[in-house]
Amino acid sequence: MAYEMKEGDISIFVNDKEGNDARPDYTGKALIDGTEMRVAMWKKQSAGGNTFLSGKVEEKGAYNGSAKSARNTVSNEVPF
């Protein structure tokens, strides 16, 4: 039987960073208000030496893979 997410569930897995340290340490998904969301988490260390997780949640499909490609989608045309 396949796992079926329920409202409010989050599943997080260790991410293969493939040599790119900017990629999240953990990725996964969450079900919030009936919408499947993408979850990304980075392991960080505070100035006091405490380890913590910092993350981002966004709608599945909203992530395009790079900031560079996001900049390329902006039009330089004047809207009037």
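This is a predicted model: local features need pLDDT of at least 70, side-chain atom pairs count only at pLDDT 80 or more; totals for chains, interfaces and linings use all residues.
A residue counts as buried when its relative accessible area is under 20% and as exposed when that area is over 50%, with partly exposed residues in between. The protein exposes about 6,700 Å², of which carbon and sulfur atoms supply 51%.

The fold contains one helix and four strands, and from the N terminus on these elements follow the order β-β-β-β-α. Among the contacts with a separation of 6 or more, 16% are accounted for by residues 24 or more positions apart.

**Strand pairing**

Strands β1 and β2 are antiparallel and pair over five bridges, while β2 is joined to strand β3 (residues 35-45) by seven bridges, again in the antiparallel sense. Residue K29 can be followed through both pairings: K29 in β2 is the bridge partner of S11, and K29 also stands opposite R38 in β3. In general, the side chains of a regular strand alternate between the two faces of the sheet.

| Residue | Class | Relative accessible area |
|---|---|---|
| K17 | buried | 18% |
| E18 | exposed | 57% |
| D33 | exposed | 71% |

K17 is classed as buried because its relative accessible area of 18% falls under the 20% cut-off. The side chain of K17 reaches the backbone oxygen of D21 at 3.1 Å, and, when neighbours within four places in sequence are left aside, K17 is in contact with R23, P24 and D25.

E18, by contrast, is exposed, since its relative accessible area of 57% is over the 50% cut-off. The backbone of E18 has a positive phi, near 50°, in a residue other than glycine.

With a relative accessible area of 71%, D33 is exposed.

Technical notes:
Residues are numbered from 1 along each chain as its sequence is written. Side-chain values use heavy atoms; hydrogens and water are left out. Buried means under 20% relative accessible area, exposed over 50%, partly exposed in between (1.4 Å probe, protein chains only). A polar contact is a pair of N or O atoms within 3.5 Å; within protein, one must be able to donate a hydrogen and the other to accept it, and residues adjacent in sequence count only if both atoms are side-chain atoms. Contact means heavy atoms within 4.5 Å. Helices (H or I, at least four residues) and strands (E, at least two) are DSSP runs, numbered from the N terminus. Accessible areas come from the Shrake-Rupley method with a 1.4 Å probe; for residues, only the protein chains shown count as cover. Two strands pair if DSSP finds at least two bridges between them.
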